[in-house]
Amino acid sequence: LGSLKKIRWEWLSTAGGAADLQTTYPYNGVIQRLVTDPDGSAAPTDDYDITITDEDGYDVLMGAGANRDTATTEQVLATSLGCVANDKLTLNVTNAGSAKAGVVVLYIR
């Protein structure tokens, strides 16, 4: 009912330490908040990296998803994030290690 949209990705990395997931629908707006939450039992390698790319391949996080912590839930606020204009978004996780997991939540207004 409100104008704030929440996208939640639950990811599991491959043997190469990567995971890629795309939204079903396109989104519009300014990114307000990013939350990264590593799995408690299958924690990713320290300093794993997250990008969220639009359909043109640009990182809408503007680099703010780099070097995520292996054990701590971390947040990034709007002042460090970008926007999206009618694009499906793709979560890209790299350097996480084999069969590691976590959750990424993105808020858009």
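These legends describe a whole-chain view and several close-ups of one predicted model. Residues are numbered from 1 along each chain as its sequence is written. In this predicted model, local features need pLDDT of at least 70, side-chain atom pairs count only at pLDDT 80 or more, and totals for chains, interfaces and linings use all residues, while side-chain values use heavy atoms, with hydrogens and water left out.

View 1. Helices (H or I, at least four residues) and strands (E, at least two) are DSSP runs, numbered from the N terminus. Buried residues make up 42% of the chain. Buried means under 20% relative accessible area, exposed over 50%, and partly exposed in between (1.4 Å probe, protein chains only).

**View 2. The largest nonpolar core has 23 residues.** Such a core is a set of buried Ala, Val, Leu, Ile, Met, Phe, Trp, Tyr and Cys residues joined through side-chain atoms within 4.5 Å. I52, L89 and L106 have the most contacts inside this core. The elements giving it two or more residues are β1 (5-12), β3 (27-38), β4 (49-53), β7 (90-94) and β8 (101-108).

**View 3. I52 meets residues from elsewhere in the sequence.** Neighbours within four places are left aside here. The contacts of I52 (heavy atoms within 4.5 Å) include W9, L34, V60, L89, V104 and L106.

**View 4. R68 and E74 join in a salt bridge.** A salt bridge is a side-chain nitrogen of Lys or Arg within 4 Å of a carboxyl oxygen of Asp or Glu. Here the N to O distance is 3.6 Å. R68 is buried, with a relative accessible area of 7%. E74 is partly exposed, at 21%.

**View 5. R8 and E10 form a salt bridge.** Their closest N and O atoms are 3.3 Å apart. E10 is exposed, with a relative accessible area of 59%. The whole structure has 2 salt bridges.

**View 6. D87 is buried yet has no salt bridge.** D87 lies in strand β6 (residues 83-87). The nearest side chain of opposite charge, K88, is 9.9 Å away. Lys and Arg count as positive, Asp and Glu as negative; His and the chain ends are not counted. Leaving aside neighbours within four places in sequence, D87 contacts Y25, P26, Y27, D54 and E55.
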